Amino acid sequence: MREEEMERLRGVVRDCVSKHLYSSAIFFADKVAAFTSDPADIYMQAQALFLGRHYRRAFHLLNASQIVLRDLRFRYLAAKCLEELKEWDQCLIMLGEAKLDEFGNFTHTNDSNAMYLDKDSQDREINISSAICFLRGKAYEALENRSQARQWYTAAIKADPLCYECTGSSVPHALECLIESHMLTCDEEKSLLSSLQFAQEDGWLSSFYSCLIKKYDKANVVEAKFNELEKEDISTKPSNQSLVCTLKNNTDLLACKAEYYHQCGEYQKCFELTSVLLEKDPFHLKSTRVHIAAAMELGHSNELYLMACNLVKDSPQNKATSLDGTFAPGWIGYGNAYASKEEADQAMSGYRTAARLFPGCHLPTLYIGMEYMRTHSFKLADQAKAICPSDPLVYNELGVVAYHMKEYKKAVLWFEKTLAHIPSPLSEMWESTVVNLAHALRKLKRYNEAVAYYEKALALTRSLSTYAGLAYTYHLQALWINPDDQFCSEMLTLALVDESRQGIESERYI
């Protein structure tokens, strides 16, 4: 058969793939490979088999070729077949031996010949070394070797910042694998981002990645990152038409912003933004997770019920710890569920697992500290502060610790700092912090200030414990003026009985 006829058949294979006619693609690719025995045609046949989900057959074809260990294309695709078959150990063996230098850069072994790159390609190609590093990281994570996974994900993003590969879960990128799985601390994320080498035309991508990393900076710094990507950049196309470039309506960027609003405690703004996002893209998983978290904080039970029904129908495989052991909210929710039932051992087991799996996340440490407080072992809350100094819940818990240790001045400082980190106006969910501050001020005999904060708490929600604290403070004020007043003394005795039934409140969120 003449070469032009062979090229026509290859074109048929490519067209079948583009139209998702994989059985037809496999049929014609098989004939082309039989006619030519060319490695490129064998590779095309293996690709057709892979896309048609014939993973075992595709692997056998690649593995039987004589160049599978010498051509990175063959080796990588064979490893991808093993990935789909969940044969992770064999996947790592197929990828071959490799090492990382002290800076986390990937080094090929001598038997790997980089025959992958198409020198005639006009498009920007992804470095196959990055794809291989990413697949190594995924294999190690599946084998629960998170230390190695972290190293290879880091190597993948360093090898090529444009490698936006999918892990098969909600995480679409090696960088996001590191971020969403909380494998890096805030400082490590910043260090990694600063080490990446971007082309001049990829400056927008650098800005976008800076929005993905932990948002523990000051508010003006974080908002400046979003503004950089949302501003309109007007340029002129060759046809003299103006082109407006902006990501202000991009779903991924807005999901990052919603996540930031949630972290700041601006739950209403977060909920409003995610509601718009899910109208636009109902199956955007990151938006869905943040939307659920905001709905829970706002007490929108109907919305939560509807979301739960839709998720069971549309995404039954996502997200539980038994299905995805790297889902941080699942482990924290697991601990919180047991904590609400006062089953300390099971709660601590969930929190400690989360702390081990997600070293860059402050919440497991925070909840461990809260559980210690519940059992009157006042430890660890300050460690969470070191990881995330911008979370107001951390400061509230530090205030609770100080209060129980009878360090009331410290408690006042921590509660004031909590309120300083909460966006105005205060919502009902922060009423307990306002009451906590009033309790601490009362202990310091700063009665007028205590009364002011009790009244501020009542403006948020009318709580019996707040009324009791306010009444108790008025009793103390009266006795301060006239210690011998019999009626006030009797009322104070009753107030003390009531007070003993009320404790200072510790917030608990999922």
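**Notebook: a helical protein, looked up piece by piece**

I started at Gly 369, which sits in helix α19. I took helices as DSSP runs of H or I with at least four residues and strands as E runs with at least two, numbered from the N terminus. Before going on, I noted that this is a predicted model, where local features need pLDDT of at least 70 and side-chain atom pairs count only at pLDDT 80 or more, while totals for chains, interfaces and linings use all residues. I also noted that residues are numbered from 1 along each chain as its sequence is written, and that side-chain values use heavy atoms, with hydrogens and water left out.

**Entry: Gly 369**

Is Gly 369 buried or exposed? Gly 369 has 1% relative accessibility, so I put it down as buried. My cut-offs were these: buried is under 20% relative accessible area, exposed is over 50%, and partly exposed is in between, with a 1.4 Å probe and protein chains only. Then I checked Gly 369 against Val 394: they are 25 residues apart along the chain, and their C-alpha atoms are separated by 9.6 Å.

**Entry: the whole protein**

I stepped back and counted 26 helices and four strands. Of the 510 residues, 46% are buried. The protein exposes about 26600 Å², and carbon and sulfur atoms supply 52% of that. Those areas come from the Shrake-Rupley method with a 1.4 Å probe, and for residues only the protein chains shown count as cover. Next came contacts, meaning heavy atoms within 4.5 Å. Taking contacts between residues at least 6 apart in sequence, I found that 55% join residues at least 24 apart.

Where does UniProt put the feature "repeat: TPR"? The unreviewed entry places it at residues 328–361, 392–425 and 431–464. UniProt positions are given in the numbering used here, feature names are shortened, and annotations may be inferred rather than shown by experiment. I looked at residues 328–361: the chain there is 79% helix and 0% strand, with the end C-alpha atoms 9 Å apart. Residues 431–464 came out at 82% helix and 0% strand, and their end C-alpha atoms lie 12 Å apart.

**Entry: α17 against α19**

Two packed helices are described by the angle between their axes and the distance between the axes. For α17 (residues 328–340) and α19 (residues 363–374), I got an angle of about 10° and axes 11 Å apart. So α17 is roughly parallel to α19. The axes are lines fitted to C-alpha atoms, for helices over the stretch in contact, and angles run from 0 to 180 degrees between N-to-C directions. Under 35 degrees counts as roughly parallel, over 145 as roughly antiparallel, 65 to 115 as roughly perpendicular, and the rest as oblique.

Which residues meet here? From α17 I listed Ile 332, Asn 336 and Ala 339, and from α19 Leu 363, Pro 364, Tyr 367, Glu 371 and Arg 374. By class, that contact has five nonpolar, one polar and two charged residues. Ala, Val, Leu, Ile, Met, Phe, Trp, Tyr, Cys and Pro count as nonpolar, Asp, Glu, Lys and Arg as charged, and the others, Gly among them, as polar.

**Entry: Met 348**

I moved on to Met 348 in helix α18 (residues 344–357). Leaving out residues up to four places away in sequence, Met 348 touches Ile 368, Glu 371 and Tyr 372. Met 348 and Tyr 338 are ten residues apart in sequence, and 8.7 Å apart C-alpha to C-alpha.

His 439 lies in helix α23 (residues 431–443). I noted His 439 as buried because its relative accessibility is 5%. Its C-alpha atom is 9.6 Å from that of Ala 411, 28 residues away along the chain. Ala 468 is in helix α25 (residues 464–481), and its relative accessible area of 17% makes it buried.

**Entry: two loop residues**

Ser 37 isn't a glycine, yet I found a positive phi of about 55° there. Ser 37 is in the loop between α2 (22–36) and α3 (39–51), and at 53% relative accessibility it counts as exposed. Glu 144 isn't a glycine either, and its phi is positive at about 65°. Glu 144 is in the loop between α7 (128–142) and α8 (146–159), and I wrote it down as exposed at 72% relative accessibility.
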